[in-house]
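Me: I'm new to this one. Can you walk me through it while I ask things as they come up?

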Amino acid sequence: QHYYITNNLRSKMPRGKVGGKYDRRMSFDDVKDERMLVMVDKLCVWMGGILGETLNRENLIPQIRNGGPLCRLSECIQASVDDFKAANEDNDDLPSASPQGVNLTCGVRSMEARQNVTKFLDWCRQMRVPESSIFLPDDLLKLKGKMKVVNTILAVARRAKDCGMAADIDAPPKIANAFIGLEEKFGKKFDHTSKAFGTQKSELKTVKTTLVSGSAWKIVQQKIDTILQLPGKPSYEIFRV
């Protein structure tokens with residue numbers, strides 16, 4: 001009976017709780033940017049589909065922490081890389097093999113886990129992932145930067161997509177639509193951002209500057225005219241158009 005109670009309580013532990021202690025470093029509860037959370041969800045769906053596992057915001061970091069699943073991911077992507085290299089010339093600098101000698105069952109604090117992560121990061125560099133987008137081993141092993149880990153895997157997904165692998169990891173439409181709103185507000189054209197997000201250019205909104213009867217500005221002008229016509233007030237015609 002004691003065994004049942006203990007395991008029943010453990011199954012009801014809140015998100016990010018490990019060994020009875022809550023660890024927010026493995027949870028995305030502290031991420032306030034909804035667009036980034038959408039990208040985390042897309043990453044979980046894409047990566048989980050490749051590895052045949054159910055990944056989500058709650059278990060992503062714990063599942064990949066020893067580096068084994070990341071090396072498995074690189075092995076799956078490597079097949080698309082090999083096909084891409086065979087069909088396209090001048091791509092000899094892309095990796096010829098996924099990380100070798102990987103320990104998939106090692107503990108998260110073992111030396112094997114650090115070796116797994118290091119091998120994956122070296123493979124990422126061969127995939128032409130920018131150095132600025134590559135996380136440090138301790139960002140994952142010691143939970144110092146979970147969002148850096150997510151950004152690295154997203155960068156890998158984009159490179160895999162360039163090599164012909166299906167990857168639905170595009171930015172949410174809200175990001176692209178924001179630039180259209182800026183164009184309408186400031187009357188400027190952001191061609192580079194529009195092309196980057198693949199959105200169609202729309203005609204800029206035209207704003208009428210003439211005063212219309214019943215409009216707020218017309219009412220304000222009428223009240224000013226009334227004030228200026230009061231006895232004893234100077235009849236300067238200010239605020240006139």
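Me: Which backbone oxygen does the side chain of K146 reach?
Reply: The side chain of K146 reaches the backbone oxygen of S27, at 3.2 Å. That is a polar contact, meaning a pair of N or O atoms within 3.5 Å; within protein, one must be able to donate a hydrogen and the other to accept it, and residues adjacent in sequence count only if both atoms are side-chain atoms.

Me: Before we go on, what kind of model is this?
Reply: It is a predicted model, where local features need pLDDT of at least 70 and side-chain atom pairs count only at pLDDT 80 or more, while totals for chains, interfaces and linings use all residues. Residues are numbered from 1 along each chain as its sequence is written, and side-chain values use heavy atoms, with hydrogens and water left out.

Me: Back to K146. Where does it lie?
Reply: K146 lies in helix α7. Helices here are DSSP runs of H or I with at least four residues, strands are runs of E with at least two, and both are numbered from the N terminus.

Me: Is K146 buried or exposed?
Reply: K146 is buried, with a relative accessible area of 11%. Buried means under 20% relative accessible area, exposed means over 50%, and partly exposed is in between (1.4 Å probe, protein chains only).

Me: And what is K146 in contact with?
Reply: Leaving aside its neighbours within four places in sequence, K146 is in contact with R24, R25, S27, F28, D30, V31, I61 and D139. Contact means heavy atoms within 4.5 Å. With D30 there is also a polar contact of 3.3 Å between the side chains.

Me: New topic: how many salt bridges?
Reply: The count comes to nine salt bridges. The rule is a side-chain nitrogen of Lys or Arg within 4 Å of a carboxyl oxygen of Asp or Glu.

Me: Which residue forms a salt bridge with D93?
Reply: D93 pairs with R128, and the closest N and O atoms are 2.5 Å apart. D93 is in the loop between α4 (68-87) and α5 (111-126), and R128 is in the loop between α5 and α6 (137-141), so the pair ties together parts that are 35 residues apart in sequence.

Me: What forms a salt bridge with D122?
Reply: R125 does, with the closest N and O atoms 3.2 Å apart. D122 and R125 are three residues apart in helix α5, so about one helical turn separates them. In general, an α-helix has 3.6 residues a turn, so residues three or four places apart point the same way.

Me: And which residue pairs with D162?
Reply: D162 forms a salt bridge with R159, the closest N and O atoms being 2.9 Å apart. They too are three residues apart, in helix α7 (residues 146-162). R159 counts as buried, at 15% relative accessibility. Elsewhere, salt bridges that share partners join D122, R125 and E131 into one network.

Me: Let's do α5 itself. Which of its residues are buried?
Reply: They are A113, N116, V117, F120, L121, W123 and C124. Seen down the axis of α5, they fall within an arc of 160 degrees, so they line one face of the helix. The arc is taken from the directions from the helix axis to the C-beta atoms.

Me: What do they pack against?
Reply: The buried residues of α5 pack against α4, α6 and α7.

Me: What about α2, what covers its buried residues?
Reply: The cover includes α3 (60-64), α4 and α7. The buried residues of α2 include L37, V40, W46 and L51.

Me: What caps the N-terminal end of α2?
Reply: D33 does: a side-chain oxygen lies 3.0 Å from the backbone nitrogen of R35. After α2 comes G52, whose phi is positive, near 70 degrees.

Me: Last one. Where is D82, and what is it in contact with?
Reply: D82 is found in helix α4. Leaving aside its neighbours within four places in sequence, D82 is in contact with P95 and S96. D82 and S96 are 14 residues apart in sequence and 7.1 Å apart in space, C-alpha to C-alpha.
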